Amino acid sequence: MKNLAHRNIPITIVGGGIHGISIALRLLRDVPTAARHIAIVDRHPQPLTEWRLKTERQGMTFLRSPAVHHLTPDPLGIVEYAERHNRTHELAPPYSQPSTELFWDFCNGALAELTKYPIYYQFEVAKLRWDKGAGKYPFRLISTDNAGFRSSCVILAIGAIDCAYVPPEFAEWQRRYSDKIVHASQFSVNCKQGQEDSGKIVIVGGGLTAGTLARSLSERGHHVVLIARKQLKTEQFDFPPIWLGPKALAEFASETDLQRRYQIIKENRGEGSITPDVMETLENSANISICPETHICSIVSTQGLLQVETTRGVITDISRIILATGYKFNLRRYGFLRELIRQYPIPPVCGLPKLDINLQFYPIENLFGSGTVAQLQIGPASGNIAGANLAYERFREKLLAQLP
Ligand SMILES: Cc1cc2nc3c(=O)[nH]c(=O)nc-3n(C[C@H](O)[C@H](O)[C@H](O)COP(=O)(O)OP(=O)(O)OC[C@H]3O[C@@H](n4cnc5c(N)ncnc54)[C@H](O)[C@@H]3O)c2cc1C
């Protein structure tokens with residue numbers, strides 16, 4: 001942080017996750033000298049920390065997306081890396097999905113390139129200010145320890161990790177049994193938490209997070225009950241791949257009603273689905289019971305364990321309930337944007353900001369978004385790895401114009 005204080009930075013990326021790093025790598029490919037003019041700020045000391053935590057905590061072994069979607073601008077980068085290191089067996093059929101380890105090692109190689117330059121700073125943004133008309137560097141970023149710097153342009157690549165979704169009916173149960181009911185983002189299959197669970201583990205949700213957790217926990221000897229509101233659905237991808245192509249995106253852009261766009265995203269991502277390989281394990285594991293089309297009616301505690309009453313019967317002796325209920329982006333959850341939103345009303349639609357075609361926050365000039373925050377422009381692929389490239393193409397020219 002020391003190095004950033006009181007400096008003027010042409011381009012600041014808030015968020016050093018897959019999106020923030022991908023954008024920086026693309027900028028450096030286009031203008032190699034840009035390294036002197038970019039800062040990536042993140043609350044974590046190391047880039048990609050959230051990715052590493054998310055995948056390790058669930059025990060995820062393979063990515064869902066194909067090998068062509070990764071961190072760097074070369075589509076074949078990870079395949080060539082696998083060939084160079086004799087690791088092609090870590091590209092799974094049918095779409096060469098990379099193993100999590102292969103993906104991580106490849107990312108580390110790309111990060112080593114990036115961190116040759118002083119680009120990445122541990123800095124949690126507590127306030128973002130925009131002094132309209134205040135010269136070349138109108139943005140002011142202030143950290144939690146009250147240090148600050150100025151920037152010409154800011155890209156928000158903040159993911160959705162701060163927006164874990166707990167269905168309203170669970171809020172009171174979670175408050176009452178906070179040591180036993182956790183959101184999936186707070187749980188790790190590897191930590192003491194999981195090992196200490198002697199009773200059954202109930203997982204609530206029907207998506208890949210629920211499926212992967214169930215598989216990982218059953219492999220570690222736990223008896224798992226998976227409760228889903230609907231029938232479980234098997235799909236390789238979490239959205240139809242047409243959403244990466246120009247035709248679907250042009251149709252999406254022609255929809256002027258943003259509420260309708262939000263509906264289209266929901267319809268195309270569905271309420272979650274599970275990849276064929278994970279589904280096969282779930283169906284064949286003696287340790288996993290699946291309860292589809294089931295609702296939880298009540299949760300009570302008896303003798304230190306939980307008991308769940310569902311629409312299909314009662315489940316007893318539960319030591320933990322994991323809510324694999326996803327994330328629901330809401331701009332208002334981000335405290336560092338509060339002042340900005342108050343000063344320059346950014347009208348949210350279903351929690352998401354209205355961005356222009358270049359992913360610029362209306363009405364703030366040179367504030368851009370990538371990832372889940374940009375869904376209303378980029379569509380169902382926005383929060384995925386592939387969304388970073390789609391986002392970069394939209395604001396590329398605007399970013400290049402910021403470089404001296
Ligand atoms: C388990 C799991 C598996 C997934 N697998 C795939 C897959 O196979 N393929 C695919 O395409 N997608 C996948 N996704 C979806 C998505 O690609 C990933 O979640 C991806 O990590 C999103 O990247 P991101 O950069 O948008 O967000 P994040 O990785 O969450 O990064 C956002 C960063 O912003 C930082 N930040 C936020 N607020 C502030 C602040 N105020 N100050 C400083 N820093 C801040 C955070 O610390 C964080 O590091 C998966 C998601 C999960 C949960």
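Residues are counted from 1 along each chain, in the order the sequence is written. Since the model is predicted, local features need pLDDT of at least 70 and side-chain atom pairs count only at pLDDT 80 or more, while totals for chains, interfaces and linings use all residues.

Start with the big picture: the protein chain is split into domain 1 (8-162 + 328-400) and domain 2 (165-238 + 273-323), with bounds that come from an automatic or database domain assignment. Taken over C-alpha atoms, the centres of the two domains sit 31 Å apart. Nine residues of domain 1 touch 15 residues of domain 2, where a contact is a pair of residues whose C-beta atoms, placed from the backbone, lie within 7 Å.

Next come two helices. Helices (H or I, at least four residues) and strands (E, at least two) are DSSP runs numbered from the N terminus. The axes of H1 (residues 18-30) and H13 (residues 385-400) come within 9 Å and cross at roughly 45 degrees; axes are lines fitted to C-alpha atoms, for helices over the stretch in contact, and angles run from 0 to 180 degrees between N-to-C directions. The pair is therefore oblique, the label for whatever is left after under 35 degrees (roughly parallel), over 145 (roughly antiparallel) and 65 to 115 (roughly perpendicular). Residues of H1 including Ile23 and Leu27 meet residues of H13 including Tyr392 and Leu399. By class, this contact has eight nonpolar, three polar and two charged residues.

Most residues other than glycine have a negative phi, and most peptide bonds are trans. Pro93 and Pro94 are joined by a cis peptide bond with omega of about 5 degrees, and Pro94 is in the loop between S3 (91-92) and S4 (97-98). Another cis bond runs from Tyr362 to Pro363, with omega near 0 degrees. Asn366 is buried, with 21 other C-beta atoms within 10 Å; the cut-offs are 20 or more for buried, 12 or fewer for exposed and in between for partly exposed, using C-beta atoms placed from the backbone.

Methods. Contact = placed C-beta atoms within 7 Å. Nonpolar A, V, L, I, M, F, W, Y, C, P; charged D, E, K, R; others polar.
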